[in-house]
Amino acid sequence: MFLDYIWLIPLFPAFGAVMMFFFGRRMQKAAVDAVCVGVVVVAFLFACGAVWQYTQFAHGTGLPFEKVLYTWLGTGDAHLTFLKQDGSPAAFSADFGLLLDPLSAIWLLFVTGVGMLIHIYSTGYMAHEGGYYRFFGYMNLFMFSMLTLVLANNYALMFVGWEGVGLCSYLLIGFYFHRKSATDAANKAFIVNRIGDAGFMLGIFTLLWYLGSFRFVDINAAVRSGHFAIGDPVLTAAALLLFVGACGKSAQIPLYVWLPDAMEGPTPVSALIHAATMVTAGVYVVARSNAIFVLAPTAMKTVAIVGALTAIFAASIALVQNDIKRVLAYSTVSQLGYMFLALGVGAFAAGVFHVFTHAFFKALLFLGAGSVIHALSGEQNLRNMGDLRKRIPTTHWTMWVATLAIAGVFPLAGFFSKDEILWQTWISEREGYHVLWFIGYGTAVMTAFYMFRLMYLTFYSPSRMSDGVAHHVHESPRSMTGPLVVLAICSIGAGWLSWPHSLGGSARLEKFLEPVFAREAVVLQAEGKSAQLAAGEKEAEHTNKTEYILMILSMAAAIAGWGIASRTYRNAHKDYPEPIAFKAPPLYRVLYNKWFVDEAYDYVFTGRRKVGGIRLGAMGAGEASSWFDARILDGTVNGAGWSTRAAGTLSKWWDTWIIDGLLVNGPAVLARMISYPARLFEWGLVQWYALVMTAGLVGFALYLVYQ
């Protein structure tokens, strides 16, 4: 039943969104809650049923389940065709089809599960905000878009969900549209993601041109057929273009800059974006396209290097940030870097495992931060907090669980997934990958430090709150603390689903994902480059001494970061000094200003800042275009108009004074001048002639008489 009607899962939240957009303004808040939260709860329950049925359907085979409803792009009868790279014709079409396999099943569960908890939390957090129905309409639309992306059976339909989450992020980040900072952040997110989306589209059409299909099943069958060599240039180009799209959605260098500013939206939005939906989309695309990436070692290496650099880069910024949500935002960017590091070294299952555990503890951290902000009447600055552990105990203890998990403390969820990534990076035999392990390990130390710094400045250090704020501190309502408790339980136990072989477990999650990734492991091993192993194979490599040493080092990193943070911030007073600012002021200034990347982008790309009086980037191009238009194009047009007018004036003068004046009117005037004496007597009046004749005769007669 559930599998056959799997298409209903994304339609449940879509129904809620439609209800809000058409009727929400007239609905009471209780009705909005019932519809918008209810449809997500139903979607989660339906997803659980579908995944349960799928495990029975695929038992022993690992085959994916596809449900094709209709053809939505193209004609479906092969009448609309194009020529592939090899010159053969192929049908241009894409189905509205849904695919459920181990990879999409994992995403389906945590997207609907964590999304459901965030919706429940939002009923308390947004209770006194304006635009209540609009907020939940956007949230439901966000869920619909992400579920469409995850369940799509082809790249074309995935792109619909891909663009949908981009639109919803714009709407939700800019929810407080009366604040310029919020609208600027929404525009930034939308524009930066368009850059990534351009690469994603080019990658999709490259695959269509090369392989002749949008469908994942067809593409995987083609690239696994053995007809393509490792390092195939077209597949490498397609993989790199897909990764450009992933860098945009999942906030990797250099397209990460939109995610920290996304904190301008309501806190539940931050939790939904960072934990369950948008930022995991890029990881999903690379994992879904693993068959392509393993045939493109250059692309794999690029993914690993970019992931490692992003992880340590973002972690370094988080060390000194004071906005509680921005610390968590840079933490998300860093953790996403870990995920891409895993994918890049071929440890696809480890990367997916970290996505799964991260969804719980990062959602918990953001919702916990929202509870702190709620308790402090909107205060987000860590320097204005302190001594909250007894005032908001549920928030305090649940955030402790999330902090221990993200720091990698055994036996919480983050320890298992992060340790697996570092282990797989270490055993990778690709040249220079031990350097990536050291980068990942340094990031782990930083992660522990900035997270425990956040905890001590928020809950343990002496109070730095104003008297007015301190007087009104209160624990959040149950609608907010209930999801925190559930997420805390998941943050503890989610890692146990893939308890490693080295600790006596069976790595269940890896085994569950084996049908999706096992062949890729074989390809990498055949290439002579060790990476993720198919579950159950070469278990001896999972139980050697090196792995235990790395586990101990991983725990040591968490303890070291915890100890340094405790020693530094446990007694932080009102104007406490930052240790980095005290010992290395230039470094602190660089980190506090986020390596001046936004400023550099303003100089080079946006042009909001001038370089020596010259404006570069988009605004510079705009000014140059305006100057070229005004001075060159308009000047040319105006010059042509002036010359035309001048020629017209000269022509008019020539016609008036030379043609009409000299050549036509001149002879006439001359004739008039010459004929003037004659005209004195030749008037042309008969009466005058008769009078003159009569006068002449009279005069002549008088002359004769008197003569």
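This is a predicted model: local features need pLDDT of at least 70, side-chain atom pairs count only at pLDDT 80 or more; totals for chains, interfaces and linings use all residues.
Two packed helices are described by the angle between their axes and the distance between the axes. Helix α3 (residues 102–125) packs against helix α10 (residues 267–276) at an angle of about 170°. Their axes are 9 Å apart. Angles over 145 degrees count as roughly antiparallel, and α3 and α10 are therefore roughly antiparallel to each other. On the α3 side, the contact is made by Phe110, Val111, Val114, Gly115, Ile118, Tyr121, Ser122 and Tyr125. Helix α10 contributes Thr267, Pro268, Ala271, Leu272, Ala275 and Ala276. Of the residues in this contact, eleven are nonpolar, three are polar and none is charged.

Helix α4 (residues 132–151) and helix α11 (residues 278–288) form a second pair, with axes that come within 11 Å and cross at roughly 5°. The angle makes α4 roughly parallel to α11. Phe142, Met146, Leu149 and Val150 of α4 meet Met278, Thr280, Ala281 and Tyr284 of α11. This contact divides into seven nonpolar residues, one polar and no charged.

The largest nonpolar core has 206 residues. Ile9, Leu100, Trp107, Tyr155 and Trp258 have the most contacts inside it. Helix α15 (residues 348–375) supplies the largest share of this core, 18 residues. Leaving aside residues up to four places away in sequence, Trp107 touches Met146, Val150, Thr280, Val283, Tyr284, Val352 and Val355. Among these partners, Met146 and Val150 also belong to the α4 side of the contact with α11, and Thr280 and Tyr284 to the α11 side. Another core, of 20 residues, lies apart from the largest one. Its members include Ala342, Leu422, Trp437 and Ala444.

Conventions
Residues are numbered from 1 along each chain as its sequence is written. Side-chain values use heavy atoms; hydrogens and water are left out. Axes are lines fitted to C-alpha atoms, for helices over the stretch in contact, and angles run from 0 to 180 degrees between N-to-C directions. Helices (H or I, at least four residues) and strands (E, at least two) are DSSP runs, numbered from the N terminus. Angles under 35 degrees count as roughly parallel, over 145 as roughly antiparallel, 65 to 115 as roughly perpendicular and the rest as oblique. Contact means heavy atoms within 4.5 Å. Ala, Val, Leu, Ile, Met, Phe, Trp, Tyr, Cys and Pro count as nonpolar, Asp, Glu, Lys and Arg as charged, and the others, Gly among them, as polar. A nonpolar core is a set of buried Ala, Val, Leu, Ile, Met, Phe, Trp, Tyr and Cys residues joined through side-chain atoms within 4.5 Å. Buried means under 20% relative accessible area, exposed over 50%, partly exposed in between (1.4 Å probe, protein chains only).
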